[in-house]
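Hello,

Here is the structure I said I would pass on. My notes on it follow below.

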Amino acid sequence: MRLFIDADGCPVVNEAVSTAQRHGVEVILLCDTAHLLQKEGARTITVSKGADSVDFALVNLLQPGDIAVTQDYGLAAMCLARQAVVLNQDGLVYNSSNIGPLLQSRHMAQKIRRSGGRLRGPAKRKPQQTAAFVQTLENLLSQNTSG
């Protein structure tokens, strides 16, 4: 098992790396050339800048049982298809029950924006969101590295 992080704009990279290190799990950060990122305790793969280039690189590296961290619903769906465990930066674990409605809400938001509508951006990140992420990742790693 490895931990892959869609690192472009991910607010929990440091927490994910330190949590995975405690469990002896390899961490692989993926970013494009616009977001060069190096973290001690993690391997970084930098791909060319382009639409979804990080997403496709990450999916192609995944193996069943790996864990992926992303806030991108489309990437999450592709990771689920590769039999990975997928969670977002707030600790939500994506699964076959919730990914469909999330993709639908993304599609509806895109339609509103394309027609000139405006949507409210995300609220300011709260410490509780990071704590929830760390707890979920800790639980996943404990389940998958025990025994």
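Of the contacts in the chain between residues at least 6 apart in sequence, 48% join residues at least 24 apart. Please keep in mind that this is a predicted model.

The chain contains 5 helices and 6 strands, and their order along the sequence is β-α-β-β-α-β-α-β-β-α-α. Of its 147 residues, 39% are buried.

Two places are described in detail.

Helix α2 covers residues 53–61, and its buried residues are S53, V54, D55, A57, L58 and V59. What do the buried residues of α2 pack against? Their partners are the strands β1 (2–6), β2 (26–32), β3 (43–47) and β4 (67–69), together with helix α3 (73–81). As background, an α-helix has 3.6 residues a turn, so residues three or four places apart point the same way.

The other place is N95, in the loop that runs between β6 (93–94) and α4 (99–114). A polar atom of the N95 side chain lies 2.8 Å from the backbone nitrogen of S97. N95 is also 7.1 Å from L80, C-alpha to C-alpha, with the two residues 15 apart in sequence.

Regards

Note on methods. Residues numbered from 1 in each chain as written. Predicted model: local features only at pLDDT ≥ 70, side-chain atom pairs only at ≥ 80, totals over all residues. Heavy atoms only, no water. Helix = DSSP H or I, 4+ residues; strand = E, 2+ residues; numbered from the N terminus. Buried < 20%, exposed > 50% of the residue type's maximum accessible area, 1.4 Å probe, protein only. Contact = heavy atoms within 4.5 Å. Polar contact = N/O pair within 3.5 Å; in protein donor to acceptor, adjacent residues only side chain to side chain.
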